[in-house]
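Subject: Structure handover

Hello,

Here is the structure we talked about handing over. The findings follow below it.

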Amino acid sequence: MSDNSSAIIKSRMFTDSMFRRLFLPTIISAIGLALGDVADALFVGIRLGKVGLATMSLVAPVYMVYNVLDVGIAVGASVKYTQALGKGQAKKGAEIFSQMLLLSLSVSFLVGVIGLAAMPLILRALGAGPVDGELWNYTKEYLQIMFLGAPFTFLYFFLYYCVRCDDNEKLASAGYTIGFLTDVVASGVFIMGLKLDVRGAIYATVLGKAVGVCIFLFHFTRKWAIMRFVPVKPDFRLIVDALKTGLSSSVGYIGQFIALIAVNNILMRIGGESALAELNVVQNVSYLSLAIYTALGDTVQPLSGTFFAEHNKEAVKRVMTLGIVIGVICGGIIAILFAVFSPSVCRVFGLKGDTIESGAFAVRLFCLSVIPAGINLTWSACFQAIKREKIVFLINQLRTCVCFLAFAAVLSRFESEWFWITFVGAELLCIAVWAPIARFNKKPLSDKVFTYLLDVNSSDISEVLRLAEDFCEKNEANPKQVYSIVMCIEEVCQAIIENAFEKRGDEYIQLTLSFENDGSIILHFRDNAVNFNPFAMKMGQNYEDEEHLASLGIQMVKSKSKQFFYRRYSDFNTLTVEVE
């Protein structure tokens, strides 16, 4: 095995550990999300039967519009925040968070006001049936409470995504999960106990979001938290840049909104309330079966964004490999289980008689789409993090709208039971379209990036210094820059080795040196030592104090640096230095 291949394999220690640390809390959060979504339909179905499930299908398009905005703002903020911290720009990260927080609150109030004012128009657009009919009134009651609780929904998703990216995955997971478990328990109490019917479902949802928000706010009481609110004036360039990233993914919900309205009308025509009830069962199966991919996307996105900012291409590839392999294996097992037990699933959701058999057939056909859907979702999360927003937009519009509607239009001409092939057909066609386009339009890799894995127990610093110097000269750095870079690498690595490592045999420093397009030169250090910030060492000229003496080299690095930034991220020390 070549030295380079050995170094790549060893460097996966960082990548794999960070992936595991982020994935475990996100899978808990994703399951909580799925359970919260399912609980409302489960209790409403048991309580009201077909009309209750039909109501839940009708309000689903409104959630799509919500998700365009709340998820778009949240994802845009978290991606840009991650990229800023990946480049060592903590102040910019705080500004991004503050700007997008104010935007999220403003948009949530606006959505609530418009929704309440335009209620009759919304009900007619959704196809809620005759005015003041049973379906109309149930849908109206649900939406009124939903719009009043809009600020909690927007804050819930915004804080979850942002707290998770500020190295507090456990609190983010706790808030997310407890919020949705609150929704589950409250749904049972409000719907089955207090007999509030569909009002109980949305009361429980809003309550769950409020509980989650309260938990997320504890993050800002911690001294080590980098994320904080700072007074800011609206910076429309920053906001538009973040929205461009976030909406490239969430705008897919617009397509899903259009598709759901079209499908609701198609199914009402070819199967009536029974077909709508079966659709709701399929949707709830999708929440549970695709939860694994929600977790994988939430894991891939911040890690890919961090490694992309560091120009660590091998780490980005490794993250995607882990995501796809885990997704195919777990998604396949979940799909098989749902297919086998589909009749029981339909009974649980309140289907009866002949609708159980037709519902089970619909679930089985949907299960064929789980793995291809997961591939689309996981790749979309990665593309979003590495600034390929056009591909993200293409994937989301294809799978949720264009391909879906194309199959729905064709299959609606046949017997209703074959309509459910729409799901797998749309996902496969989507992959067939975006994959060659993404490969053809692949951005060329930069040759102005140097990476090295220093095994401190079997290598010395002289080798990395020599290679770094050769790299700098190859990229025509001037003598002053070469001196500053080499000195920075030597002094930082030496400080870490002497003060942080415990000589246990598996200790590494991962170095990335990049010449940026804007002319800046940035060094990224990551190590698996104990919590240690070289720039926090005691500074001074006291030669009798060992720590003062050891810090002299770091003082020289400070004098030759434009800016530096340290954080403990995913149990590793991460240091970014911009050299003059």
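Buried residues account for 59% of the 580 residues in the protein. Please keep in mind that this is a predicted model.

Overall fold

The protein contains 22 helices and five strands. Its radius of gyration is 26 Å, close to the 25 Å from the globule rule for 580 residues, so the protein is as compact as a globular protein of that length. Along the principal axes, the C-alpha atoms fill a box of roughly 85 × 50 × 40 Å. Of the contacts between residues at least 6 apart in sequence, 76% join residues at least 24 apart.

Aromatic pairs

A search of the whole structure gives 27 aromatic pairs. One of them joins phenylalanine 14 and phenylalanine 572 in an edge-to-face arrangement, with 5.0 Å centre to centre and 65° between the planes. This pair links distant parts of the chain, 558 residues apart: phenylalanine 14 belongs to helix α1 (residues 3-48), and phenylalanine 572 belongs to strand β5 (residues 572-579). Phenylalanine 14 has a relative accessible area of 0%, so it counts as buried. For phenylalanine 572 the relative accessible area is 5%, and this residue is therefore buried too; the cut-off for buried is under 20%.

Another pair is made by tyrosine 66 and phenylalanine 147, and this one is tilted, at 6.3 Å centre to centre and 45° between the planes.

Which residues do ring pairs link into a cluster? The members are Tyr156, Phe157, Tyr160, Tyr161, Tyr176, Phe180 and Phe216.

Regards

Notes. Residues numbered from 1 in each chain as written. Predicted model: local features only at pLDDT ≥ 70, side-chain atom pairs only at ≥ 80, totals over all residues. Heavy atoms only, no water. Helix = DSSP H or I, 4+ residues; strand = E, 2+ residues; numbered from the N terminus. Rg over C-alpha atoms; globule rule 2.2 N^0.38 Å. Buried < 20%, exposed > 50% of the residue type's maximum accessible area, 1.4 Å probe, protein only. Contact = heavy atoms within 4.5 Å. Phe/Tyr/Trp six-rings, centres within 6.5 Å; stacked < 30°, edge-to-face > 60°.
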